[in-house]
Amino acid sequence: MAQRLSKLFGVASVASLASLLASLPAWAQAAATTAAPAAAAAAPAAAPAAPAINSGDTAWMLTSMALVLMMTIPGLGLFYGGMVRRKNVLATVMQSFAITCLVTVLWFVIGYSAAFTNDASSPLTWVIGSFSHFLLNGINGNSINTALAPTIPEYVFNAFQMTFAIITPALIAGAFAERLKFSALLIFMALWLLLVYVPIAHWVWGGGFLGGLGVLDFAGGTVVHINAGVAGLVCALVLGRRKGFGQVNMAPHNLVLTFIGAGLLWVGWFGFNAGSALAANGLAGSAMMNTQVATAAAGLSWMFVEWLVVKKPSVLGILSGAVAGLVAVTPASGFVNPQGAFIVGILAGAVCYYAAAHVKKMFGYDDSLDAFGVHGIGGILGALLTGFFADPAINGKAGLFFGNPGQVLTQIEGIAVTIVWTAVLTWVILMVTKTLVGLRPSEADEEEGLDISQHGESVAE
């Protein structure tokens, strides 16, 4: 491994990285030593306050909800829309918008209740929530989810989590871009949300068994990115390659749209990660700083690796690298310190570049817009590295480099469970959808483009 890194970054860079790794516990110990006298002088801590709505926390979470929604519409729509061919751009942005509408309704009807409410008397509470809030029954403007978000209105917590449920299936669309019927998309996404996303969200965040095991996922490494990435890979394998793949030019039609989309994703991700603190506090600030550092490091890492390999740094490369950094730091953002986030970003850019540029070619699958290469691989890497770099000074959880090697094994358990459940259920849902309406348009419709064949519209030349 060291030899490969040396080829990419040079011996000096590897030595510097090793030094940085070795220094992390020392930095944390120094910070703890500095803080100790102040802590000793402080008065005994007061008893935890009773759950009550805090206006500052509520204002930040209202903002975070809007930021995360912006990640899908228009962020992801533009990001993906710029990477497809002109004849499929409207169909691609339509997917993001239609998924936003569909998931919102399903989340309102049953998704939130099944993911984030519990029936303590039910023997199934470790795998699925209750249905007590069907159609948001029993919730009002003053309600609080005391177990999960004790300082903000439950409507706000609900809406914030809704935006995560929206973007996760929307990410999958990057894997099957330019070759899925719109009717199949709607059926697949509705079933996938309820049978895959909702259970995993409950397992990790809603009181289920993965959270109980101690799996660390601050903002969606397993719930969002591994989940979407693995589902995307299964979709790509089941649907097969696009017509003409490897034979005709499938270059992005407008990378300026992709640039704008990537910028919106980066800005919106502060709501995604810092908002996952569910309060306007120091933890939110830590997550925000970690997000910025990791994203920039990953963008540069991908760019320099690509520059070394193909001799030119591409716009799509640095944009993809930045998104890879956002993905990888997501599970770690509220657990690692900025030095750890920096390393996560460097590794994410290099590893995801290799997955998107070489692993895909090696195995010959058509992951159209690298949903698996960036989100699947980046999510797995970030979840695993959280087990190494979690710093107890940030959020009370320690990883291997801070004296808790068992956390790495716990993270691996969470990754494995997510991969298996997602892969199996995604395949089953695809088979059901195929039986009901079919999956791919005809070859003639695919050749004509999904804008015309599925929606009867086109972008002017």
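Helices here (H or I, at least four residues) are DSSP runs, numbered from the N terminus. This is a predicted model, in which local features need pLDDT of at least 70, side-chain atom pairs count only at pLDDT 80 or more, and totals for chains, interfaces and linings use all residues. Residues are numbered from 1 along each chain as its sequence is written, and side-chain values use heavy atoms, with hydrogens and water left out.

Let us start with the backbone. Most residues other than glycine have a negative phi, and most peptide bonds are trans. Against that background, the bond from Ile-73 to Pro-74 is cis, its omega being near 10°. Pro-74 sits in helix H3 (residues 55–81).

Leu-136 is located in the loop between helix H4 (89–116) and helix H5 (154–172), while Asp-370 belongs to the loop between helix H12 (338–363) and helix H13 (371–389). Both are buried (under 20% relative accessible area, with exposed over 50% and partly exposed in between, for a 1.4 Å probe and protein chains only).

| Residue | Phi | Relative accessibility |
|---|---|---|
| Leu-136 | near 60° | 16% |
| Asp-370 | about 65° | 18% |

Elements giving two or more residues are H3, helix H10 (282–310), helix H11 (315–329), H12 and H13. H12 provides the largest share, with six residues.

Now for the interior. A nonpolar core is a set of buried Ala, Val, Leu, Ile, Met, Phe, Trp, Tyr and Cys residues joined through side-chain atoms within 4.5 Å. The largest one has 98 residues, and Trp-107, Ile-172, Phe-176, Tyr-197 and Phe-272 have the most contacts inside it. Helix H6 (residues 182–205) gives the most to this core, 16 residues. Beyond its neighbours within four places in sequence, Phe-272 is in contact (heavy atoms within 4.5 Å) with residues including Val-68, Met-71, Phe-160 and Thr-330. A second, separate core has 12 residues, among them Ala-294, Val-329, Val-336 and Phe-389.
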